[in-house]
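User: I have a model to go through with you. Can we take it piece by piece?

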Amino acid sequence: MRRWIPFLKSVPRVSVVRLQGAIGVPGRSSISDRSVATMLEKAFKSKPDAVALEINSPGGSPVQSSLIGARIRRLADEHEVPVIAFVEDVAASGGYWIASAADEIIADPSSILGSIGVISAGFGAHLFMERQGIERRVHTAGKSKSMLDPFRPEKPEDVDRLNRLLEQLHGTFIAQIKDRRGDKLTDNPDLFTGEVWIGQSAVDEGLADGIGHLVPAMKERFGDKVRFRRFEQRKPLIPRLGAQAVQGTLGEIEERAEYARFGLS
């Protein structure tokens, strides 16, 4: 009611959006542009004084990271609402890409930030197949169609081609961070090597703006009467069956592996 009475000052409101999980990895706890779109739209359309992002992500798909970051910026500009990212355990790689879409980044003293790089991982099983007497038969139209086939010996030309692709993706990532963080970044040559920083060291390098936690930071900015409205992804109520259940399990294993890279489980 107070919002509609002109001579009464409205209570400040902050929309809190939780972005947790690996990005673009199949699984119930992963995030993608599609899975967070409705949540973000509602958070910005609720006419808040600010949007706070709770980020806890080890990264994942560069495309999904870019799409989510771009959506956050578009909504922030359209609604003229400041965005503050609060990093929990980790905002690394694609997780940091999303955090960089905010106007400010606040971290816990033990938060892990950075990992501005690109990785491609796979396996080679050609020796195993040879020992088992299994013959691999592949027919393609286009010499690069079977690039880095894990069941064939690795070819130097395929590795060179992959490295060129990774360099292009890395360049896009670097451009995003430089555009968003600008003069806040130091000239440390390790910033874009995939290195990570913790808490205050991330602030010192310009990867974050301060140390703190969401509620006290927002109360300090908007007063003790500030109200919080939370927006989170909806999880499916019915467990997935068959192939979908297997895919979900594999996705969760992959997500745990992403967190394990930073000593988290």
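User: What does Arg73 touch, not counting residues up to four places away in sequence?
Analyst: Arg73 touches Ala101, Ala102, Asp103 and Arg180. Contact here means heavy atoms within 4.5 Å. This is a predicted model, where local features need pLDDT of at least 70, side-chain atom pairs count only at pLDDT 80 or more, and totals for chains, interfaces and linings use all residues. Residues are numbered from 1 along each chain as its sequence is written, and side-chain values use heavy atoms, with hydrogens and water left out.

User: Does Arg73 count as buried or exposed?
Analyst: Buried, because its relative accessibility is 16%. The cut-offs are under 20% relative accessible area for buried and over 50% for exposed, with partly exposed in between (1.4 Å probe, protein chains only).

User: Which backbone oxygen lies 2.7 Å from a polar atom of its side chain?
Analyst: That of Ala101. Arg73 itself is found in helix α2. Helices (H or I, at least four residues) and strands (E, at least two) are DSSP runs, numbered from the N terminus.

User: OK, whole chain now. How many helices and strands?
Analyst: The protein chain has eight helices and eight strands. Of its 265 residues, 42% are buried. Among contacts between residues at least 6 apart in sequence, 73% join residues at least 24 apart.

User: And the core: which residues have the most contacts inside the largest one?
Analyst: Val17, Leu19, Phe44, Leu53 and Ile72, in a nonpolar core of 43 residues. Helix α1 (residues 33-45) gives the largest share of this core, five residues. Such a core is a set of buried Ala, Val, Leu, Ile, Met, Phe, Trp, Tyr and Cys residues joined through side-chain atoms within 4.5 Å. A second, separate core of 10 residues includes Val16, Ala50, Ile106 and Met218.

User: What does Leu53 touch, with the sequence neighbours up to four places away left out?
Analyst: Val17, Leu19, Ile72, Val83, Ile84, Ala85 and Phe86.

User: Back to α1. What do its buried residues pack against?
Analyst: They pack against β1 (13-20), β2 (50-57), α2 (62-79), β3 (83-92) and β8 (227-231). The buried residues of α1 include Asp33, Val36, Leu40 and Phe44.

User: How far apart are the end C-alpha atoms of α1?
Analyst: They are 17 Å apart, which agrees with the 18 Å that its 13 residues should span at 1.5 Å a residue. The expected span is 1.5 Å times one less than the number of residues.

User: Which residue just after α1 takes a positive phi?
Analyst: Lys47, with a phi of about 60°.

Technical notes:
A polar contact is a pair of N or O atoms within 3.5 Å; within protein, one must be able to donate a hydrogen and the other to accept it, and residues adjacent in sequence count only if both atoms are side-chain atoms.
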